[in-house]
Amino acid sequence: MEGYTFERLWKELDEGYQIYYTYMDKRYMLSKLAKNCYSRQLVNLNEKGPHPKNQIVTLKAVKELFDFMEDIEYKIEG
């Protein structure tokens, strides 16, 4: 998404959005759990592989990953 910034991603996570994105040909869902605590969940579970299905990450980890995210979509929890 051209023009999509990290600040916008951070704001949307704060507002309760679930962010779906592709990273290394895998589809993930990112959501905020608490202050500086985010859940990163592997969505396409139909294959075996070394990628963890669920991770708890910090905002710093999300920021480091942001430049490599592709096909970003978002949904509202509920």
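**Salt bridges, rings and a turn**

Okay, let's start in helix 1, residues 6-14: Arg8 and Glu12 sit four residues apart there, so about one helical turn separates them. Keep in mind that this is a predicted model. The side chains of those two residues meet in a salt bridge, 2.9 Å from N to O. How exposed is each partner? Arg8 is partly exposed, at 35% relative accessible area, while Glu12 is buried, at 7%.

In total the structure has four salt bridges, and I'll show you two others. Lys32 and Asp14 form one of them, with 2.3 Å from N to O. That pair links distant parts of the chain, since Lys32 is in strand 2 and Asp14 in helix 1, 18 residues apart. Lys32 is partly exposed at 25%, and Asp14 is partly exposed too, at 46%.

Then there's Arg27 with Glu73, where the N to O distance is 2.5 Å. Arg27 belongs to strand 2 and Glu73 to strand 5, residues 70-76, so this bridge ties together parts 46 residues apart in sequence. Arg27 counts as buried, with 18% relative accessibility, whereas Glu73 is partly exposed at 44%.

On to the rings. The model holds four aromatic pairs. One of them is Tyr21 with Tyr28, a stacked pair with 5.6 Å centre to centre and 20° between the planes. Both Tyr21 and Tyr28 are buried. What lies over the face of Tyr28? That's Arg40, at 4.5 Å from the ring centre. Elsewhere, ring pairs link Tyr4, Phe6, Trp10 and Phe66 into a cluster.

Phe66 takes us to helix 2, residues 59-66, where the buried residues are Leu59, Val62, Leu65 and Phe66. Those four cover an arc of only 125° around the axis, so they fall on the same side of helix 2. Which residues are exposed on the other side of helix 2? There you find Lys60 and Glu64.

Last stop, the loop between strand 1 (17-23) and strand 2 (26-34), which is where Met24 is found. Asp25 is in that loop as well. Most residues other than glycine have a negative phi. Met24, though, has a positive phi, near 55°, and Asp25 has one of about 65°. Buried or exposed, then, for Met24? Met24 is exposed, with a relative accessible area of 54%, and Asp25 is exposed at 71%.

That's my tour, thanks.

Notes
Residues numbered from 1 in each chain as written. Predicted model: local features only at pLDDT ≥ 70, side-chain atom pairs only at ≥ 80, totals over all residues. Heavy atoms only, no water. Helix = DSSP H or I, 4+ residues; strand = E, 2+ residues; numbered from the N terminus. Buried < 20%, exposed > 50% of the residue type's maximum accessible area, 1.4 Å probe, protein only. Arc of directions from axis to C-beta. Phe/Tyr/Trp six-rings, centres within 6.5 Å; stacked < 30°, edge-to-face > 60°. Lys NZ or Arg CZ within 6 Å of the ring centre and 35° of its normal.
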